[in-house]
Amino acid sequence: MQLFEYNIDERVKTDWDFLEAVADLQKNPSDLSIMKKLFTMLLGEKGFEKLKKHIKEQNDGFCPVEALSREFTEIVQSNNEIKK
């Protein structure tokens, strides 16, 4: 399995707008627009597209929401390392 490489600014994890969006997602876990906003804040537009492409490569061309959710949790819980 190929791992996804990313680099984020750790300050995002403590940013008010980011935490507010996390709280909104907890209230409405099926709201994909909030999930997209969070990923964009973490990875930028290009990074989010790269992540979706990575997930599709692992899932026969599909991007399951569960896979995105797992990646989100892993990224937010990670420390300041570059993940590969």
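Which residues form one aromatic cluster? I looked this up and found Phe18, Phe39, Phe48 and Phe72. I note that I am working from a predicted model.

**Entry: aromatic pairs**

I looked up the aromatic pairs, and the structure holds four. One of them joins phenylalanine 4 and tyrosine 6, whose ring centres are 6.0 Å apart. Their planes are at 20 degrees, so I wrote this pair down as stacked, since planes under 30 degrees apart count as stacked. I then checked the accessibility of both residues. Phenylalanine 4 has a relative accessible area of 8% and is buried. Tyrosine 6 is buried as well, at 6% relative accessibility.

Next I looked at phenylalanine 18 and phenylalanine 72, which form a tilted aromatic pair. I noted 6.3 Å from centre to centre and 40 degrees between the planes. Phenylalanine 18 lies in helix α1 (residues 16-27) and phenylalanine 72 in helix α3, 54 residues apart, so the pair links distant parts of the chain. Both phenylalanine 18 and phenylalanine 72 are buried.

**Entry: α1 against α2**

I read that two packed helices are described by the angle between their axes and the distance between the axes. For α1 and α2 I noted an angle of about 150 degrees and axes 9 Å apart. Angles over 145 degrees count as roughly antiparallel, so α1 is roughly antiparallel to α2. I recorded the crossing of α1 and α2 as left-handed.

I then listed the residues that make the contact. From α1 they are Asp17, Phe18, Ala21, Val22, Asp24 and Leu25. From α2 they are Ile34, Met35, Lys37, Leu38, Met41 and Leu42. Sorted by class, the contact of α1 with α2 has nine nonpolar residues, three charged residues and no polar ones. Phe18 belongs to this contact, and I had already met Phe18 in the aromatic cluster.

**Entry: histidine 54**

Is histidine 54 buried or exposed? I found a relative accessible area of 10%, so histidine 54 is buried. I located histidine 54 in helix α2. Leaving out residues up to four places away in sequence, histidine 54 touches Gln2, Leu3 and Phe4. Phe4 is the residue I had paired with tyrosine 6.

**Entry: aspartate 60**

Where is aspartate 60 placed? I found aspartate 60 in the loop between α2 (32-58) and α3 (65-77). Aspartate 60 has a relative accessible area of 75%, so I marked aspartate 60 as exposed. I also looked up its backbone angle: phi of aspartate 60 is near 50 degrees, a positive value. I wrote that down because most residues other than glycine have a negative phi.

Notes: Residues numbered from 1 in each chain as written. Predicted model: local features only at pLDDT ≥ 70, side-chain atom pairs only at ≥ 80, totals over all residues. Heavy atoms only, no water. Helix = DSSP H or I, 4+ residues; strand = E, 2+ residues; numbered from the N terminus. Buried < 20%, exposed > 50% of the residue type's maximum accessible area, 1.4 Å probe, protein only. Phe/Tyr/Trp six-rings, centres within 6.5 Å; stacked < 30°, edge-to-face > 60°. Contact = heavy atoms within 4.5 Å. Axes fitted to C-alpha atoms, helices over the stretch in contact; angles between N-to-C directions. Parallel < 35°, antiparallel > 145°, perpendicular 65-115°, else oblique. Left-handed = near helix turned anticlockwise from the far one by under 90°. Nonpolar A, V, L, I, M, F, W, Y, C, P; charged D, E, K, R; others polar.
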